[in-house]
Amino acid sequence: MAHILTAVSGSEADVVPISRALISVSDKAGIVELCTYLASKNVELLSTGGTAKKLRDAGLNCIDVSDYTGSPECLDGRVKTLHPKVHGGLLGVRGNAQHEKDMEENGIGKIDMTILNLYPFEATVAKGAAFEQCIENIDIGGPSMLRSTAKNHAFTTIVTSPDQYDEVKACIEEHGGTTLAMRKRFAARAFSLSASYDSAIATWFTKELGEESPVVTRVYKPEFPLKYGCNPHQKPAGISSLLNSNLPFTVLNGTPGYINLLDAANAWLLVKELREATGLAAASSFKHVSPAGAAVAVPLTDVECAAYEVTPEAAAKLTPSALAYLRARNADPMCSFGDYAAVSDVVDEDTALILKKEVSDGIVAPGYTPEALAILKSKKGGKFIVLEAKADFKPDDVEYREVYGMTFSQKRNDIVITKEHMTKNVVTKGGLDALTEDAIRDMIVASICVKYTQSNSVGFAKDGMMVGVGAGQQSRVDCVKLAGRKVTTWYLRQHPKVLGLQFKQGVKRQERVNARVRYIEGDFTDEERTRWEAQFETVPEPLTASEKDEFMKKATGVTISSDAFFPFRDSIDHASKVGVSFVAQPGGSVQDEQVTNCCNDYGMVMSFTSVRLFHH
């Protein structure tokens with residue numbers, strides 16, 4: 001059994017004044033300002049190499065570590081700070097008689113603060129550097145000083161990031177030194193950084209050997225707390241970023257919740273990919289981590305304008321972003337109630353004005369005009385959540401998730417859905433020639449939409465917008481039936497009898513939306529019918545089953561996409577009832593021939609994409 005060391009006792013102090021600091025940083029952001037402040041407090045500065053040069057160029061006096069220790073840097077700089085005068089100064093326990101005696105006898109002075117960054121090993125690997133260069137960028141002295149300082153945090157302060165500099169200055173200004181509470185926090189972060197750094201080296205080295213990594217260490221930096229998790233009883237909850245990385249969004253307004261942020265991440269990826277794949281402004285409307293609607297900017301017909309309560313003149317003036325969100329919101333406006341929106345382009349005033357009149361929780365976009373931001377910040381009494389997506393954010397290739405003591409990892413689903421997926425393997429009669437450009441666009445829209453929909457899922461699209469999304473069903477045909485019902489409702493919202501409903505003054509927008517859907521469905525209880533009829537100037541005549549069927553016979557040009565193969569023809573049979581003309585699916589079922597023959601029977605055009613898009 002390994003020998004366990006006992007604690008070394010010394011004096012105890014909450015506030016430790018800083019008289020000498022050791023500085024060695026690769027990230028030099030803010031270091032001159034911090035050291036200028038320390039020098040103004042009569043702190044002696046020790047430094048090495050490029051850091052020392054930068055401080056001297058700024059007019060600061062600093063002592064080279066080699067002069068301080070009496071030992072020159074050697075071995076191509078591999079040995080700079082590995083010296084008893086450095087580590088003794090960091091590890092010496094203040095107030096411990098033996099330590100004080102050893103330090104005096106060996107000429108070791110106390111070092112109260114270490115400010116350092118580690119060599120940029122991960123950045124070196126990311127640039128594709130040769131094995132030998134990566135090895136040279138493994139920091140030895142930095143982690144050693146980091147651990148020595150952090151271990152002796154009762155007396156020494158370890159500072160490892162520019163984002164800590166302001167806190168250091170504020171603490172010294174207020175207390176005359178660093179507090180024990182701050183030193184403990186900084187030490188904990190330093191040990192986390194050390195673990196993350198060593199894990200990155202071990203993972204890279206093992207991959208170079210072609211083996212599985214022996215250990216994976218992921219270190220998180222808490223960014224902000226959340227009110228609760230999925231449910232109010234799930235506390236505490238919070239959002240963290242990977243250490244030395246950033247969050248993908250900046251919060252411009254409001255206080256996002258757990259589910260808000262899950263919606264925002266998925267909604268943003270969806271519209272970002274739609275924009276890249278189609279070249280058109282895109283928008284999505286999310287609820288509970290699945291899209292209620294998604295669309296690209298395609299002009300509205302006059303009938304759609306009437307169904308969506310916008311005049312043709314106003315629709316013609318809409319910007320692409322506003323048009324995309326108007327379509328996305330009207331795919332399923334009942335389900336979009338209280339949505340989280342995403343827009344691929346900078347949000348302008350037109351888009352903000354559409355959002356202003358809708359019941360919505362928040363939005364994510366790459367930017368906002370000043371006018372749009374002012375409108376959105378005033379929504380919900382100032383509580384509307386506004387997130388700005390960072391254009392330069394790049395997620396890791398591998399993502400992790402913890403569930404019930406198990407950590408799952410997988411390559412991120414970074415497949416890019418393109419036109420080629422829809423055109424390379426058209427398996428029905430007529431082949432590629434039977435596909436129109438509009439159909440290809442709708443196949444792309446529907447496929448990217450189901451990529452970010454809880455599986456099993458299918459999605460129906462027409463004219464650049466989703467008109468029915470079926471999410472989270474165990475049976476694929478149930479997905480089709482669920483989404484197909486939404487398609488029928490979308491179509492019937494354009495029926496003359498629905499468009500002609502005469503509401504009383506004062507009936508709110510969402511109440512009108514819900515009333516139209518219930519009119520189409522028609523399955524009222526007696527109590528419900530009484531309250532429903534009270535919304536109208538004149539009680540409407542029922543929309544009969546025969547009228548619905550007759551109207552739906554005109555449905556055509558709809559695209560269906562599935563996140564996995566259709567195992568039987570029943571899904572296609574049902575899809576034929578809601579105007580499906582085009583089908584996109586991965587293929588790969590033993591029943592592919594049966595499903596293909598079924599599509600031919602109905603005159604549908606089907607493409608096998610060879611890409612499964614499960615999302616859980």
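**Salt bridges and surface of a predicted model**

Modeller: In this predicted model, the side chains of Lys 41 and Glu 173 meet in a salt bridge, at 3.3 Å from N to O.

Biologist: Which parts does that pair tie together?

Modeller: Lys 41 lies in the loop between helix 1 (31-40) and strand 3 (44-47), while Glu 173 belongs to helix 9 (residues 165-175), so the pair ties together parts that are 132 residues apart in sequence.

Biologist: How many salt bridges does the structure hold?

Modeller: The structure holds 37 salt bridges, and Glu 309, Arg 329, Asp 339, Glu 358, Arg 509, Arg 512 and Arg 516 are linked in a network of them.

Biologist: What about Arg 531, which residue does it bridge to?

Modeller: Arg 531 forms a salt bridge with Glu 527, with 3.5 Å between the closest N and O atoms. Both residues lie in helix 22 (residues 526-533), four residues apart, which is about one turn of the helix. An α-helix has 3.6 residues a turn, so residues three or four places apart point the same way.

Biologist: Are Arg 531 and Glu 527 buried or exposed?

Modeller: Both Arg 531 and Glu 527 are exposed.

Biologist: And Arg 569, where does it lie, and where is its partner Asp 601?

Modeller: The side chains of Arg 569 and Asp 601 meet in a salt bridge of 3.6 Å, N to O. Arg 569 lies in the loop between strand 20 (558-562) and helix 24 (570-575), and Asp 601 in helix 25 (residues 592-602), so this pair ties together parts that are 32 residues apart in sequence. Arg 569 is partly exposed at 28% relative accessible area, whereas Asp 601, at 56%, counts as exposed.

Biologist: Switching topic, which residues form the nonpolar patch with Val 398?

Modeller: Val 216, Tyr 220 and Tyr 400 form that surface patch together with Val 398, and the four have about 330 Å² of accessible area together. Val 398 is placed in strand 16 (residues 398-403) and is partly exposed, with a relative accessible area of 35%.

Biologist: Is helix 18 mostly covered or exposed?

Modeller: Helix 18 is mostly covered, since 13 of its 15 residues are buried. At 1.5 Å a residue, helix 18 (residues 437-451) should span 21 Å, and its end C-alpha atoms are 21 Å apart, which agrees.

Biologist: And how much of the protein counts as buried?

Modeller: Of its 616 residues, 49% count as buried.

Key
Residues numbered from 1 in each chain as written. Predicted model: local features only at pLDDT ≥ 70, side-chain atom pairs only at ≥ 80, totals over all residues. Heavy atoms only, no water. Helix = DSSP H or I, 4+ residues; strand = E, 2+ residues; numbered from the N terminus. Expected span 1.5 Å × (residues − 1). Buried < 20%, exposed > 50% of the residue type's maximum accessible area, 1.4 Å probe, protein only. Patch = residues over 30% accessible without salt bridge, like charges linked within 9 Å, V, L, I, M, F, W, Y side chains within 5 Å. Areas by Shrake-Rupley, 256 points an atom, 1.4 Å probe, with all protein chains shown as cover.
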